[in-house]
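Dear colleague,

Here is the structure that I promised to pass on to you. Please open it beside this email, so that you can follow each part of the description on the screen.

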Amino acid sequence: MVQLAYKLDDDCARVFKEFHQGHKHRAIVFTTNSEDKIVVEETITKKKDGNAQFEELVATILKKWKKSVRMIVLELPGKSRDGRDVEKIFYINWVPDGAKIKAKMIQASVKAVLFKSLNMTSKINFQIQASDAGDLELRDLLDKIAQKN
């Protein structure tokens, strides 16, 4: 079996830093290219209503990537148990049932490279494995935020 060695494109670290430290982006969508690099496919700029932006992102995922895998880092606003406004970071591993077998198989190694290279382990609050719309229900994610705080 051939083991693929994925590497981050130079742009990934800069965009993730803008996301995490500069709070410039609501979400980053990562994918892989034909050169075995992990690249930023799309960013979503932060706007006031994060929940509406999440719903738009889910619609995009279901339309554009219904048969292809993506790795998504998302900052989602919610409420803590005591009613405080909080924002939490989700890692969404989008692996739809219709994706190619090879793409599904490499997903774990790509995730490992992302987490190690961008030091995501300490920055991600929740990890979601999603394969259809039911895995991306806003209320479920908001419940996770409320339960953790």
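A word on burial comes first: a residue is called buried if its relative accessible area is under 20%, exposed if that area is over 50%, and partly exposed in between, with a 1.4 Å probe and protein chains only. This is a predicted model, in which local features need pLDDT of at least 70 and side-chain atom pairs count only at pLDDT 80 or more, while totals for chains, interfaces and linings use all residues. Residues are numbered from 1 along each chain as its sequence is written, and side-chain values use heavy atoms, with hydrogens and water left out.

**Two loop residues**

His23 lies in the loop between α1 (10-20) and β2, where the helices (H or I, at least four residues) and strands (E, at least two) are DSSP runs numbered from the N terminus. With a relative accessible area of 41%, His23 is partly exposed. Most residues other than glycine have a negative phi. His23, however, has a positive phi of about 50° although it is not a glycine. Asn119, in the loop between α3 and β6 (126-130), also has a positive phi of about 50° without being a glycine, and its relative accessible area of 44% makes Asn119 partly exposed.

**His25 in strand β2**

His25 belongs to strand β2, which covers residues 25-32, and with a relative accessible area of 5% His25 is buried. Its side chain is joined to that of Glu18 by a polar contact of 2.8 Å; a polar contact is a pair of N or O atoms within 3.5 Å, where, within protein, one must be able to donate a hydrogen and the other to accept it, and residues adjacent in sequence count only if both atoms are side-chain atoms. If residues up to four places away in sequence are not counted, His25 touches Val15, Glu18, Phe19, Thr43, Ile44, Thr45 and Lys46, contact being heavy atoms within 4.5 Å.

**Helix α2**

Helix α2 has 15 residues (50-64), which at 1.5 Å a residue should span 21 Å, and its end C-alpha atoms are 20 Å apart, which agrees; the expected span is 1.5 Å times one less than the number of residues. At the N-terminal end, Asp49 caps α2 with a side-chain oxygen that lies 3.2 Å from the backbone nitrogen of Asn51.

Which residues of α2 are buried? They are Gly50, Gln53, Phe54, Leu57, Val58 and Ile61. Seen down the axis of α2, these buried residues fall within an arc of 145°, so they line one face of the helix, the arc being that of the directions from the helix axis to the C-beta atoms. Glu56 and Lys63, on the other side of α2, are exposed, and the relative accessible area of Glu56 is 52%. The cover over the buried residues of α2 includes β2, β3 (37-45), β4 (70-79), β5 (85-94) and α4 (138-148).

In α4, Leu138, Leu141 and Ile145 are buried, and they cover an arc of only 70° around the axis, which puts them on the same side of α4. Arg139 and Gln147 are exposed on the other side of α4, whereas the buried residues of α4 pack against α2, β4, β5 and β6.

Gly78 is found in strand β4 and is buried, with a relative accessible area of 11%. Leaving out residues up to four places away in sequence, Gly78 touches Arg84, Asp85, Val86, Leu142 and Ile145.

**Aromatic rings**

How many aromatic pairs does a search of the whole structure find? It finds three, where rings of Phe, Tyr and Trp (its six-membered ring) pair if their centres lie within 6.5 Å, and planes under 30 degrees apart count as stacked, over 60 as edge-to-face and the rest as tilted. The rings of Tyr91 and Phe115 have their centres 5.0 Å apart and their planes at 80°, so this pair is edge-to-face. The pair links distant parts of the chain, with Tyr91 in strand β5 and Phe115 in helix α3 (residues 101-117), 24 residues apart. Both Tyr91 and Phe115 are buried.

The charged end of Lys111 sits over the ring of Phe115, 5.4 Å from its centre; for this, NZ of Lys or CZ of Arg must be within 6 Å of the ring centre and within 35 degrees of the ring normal.
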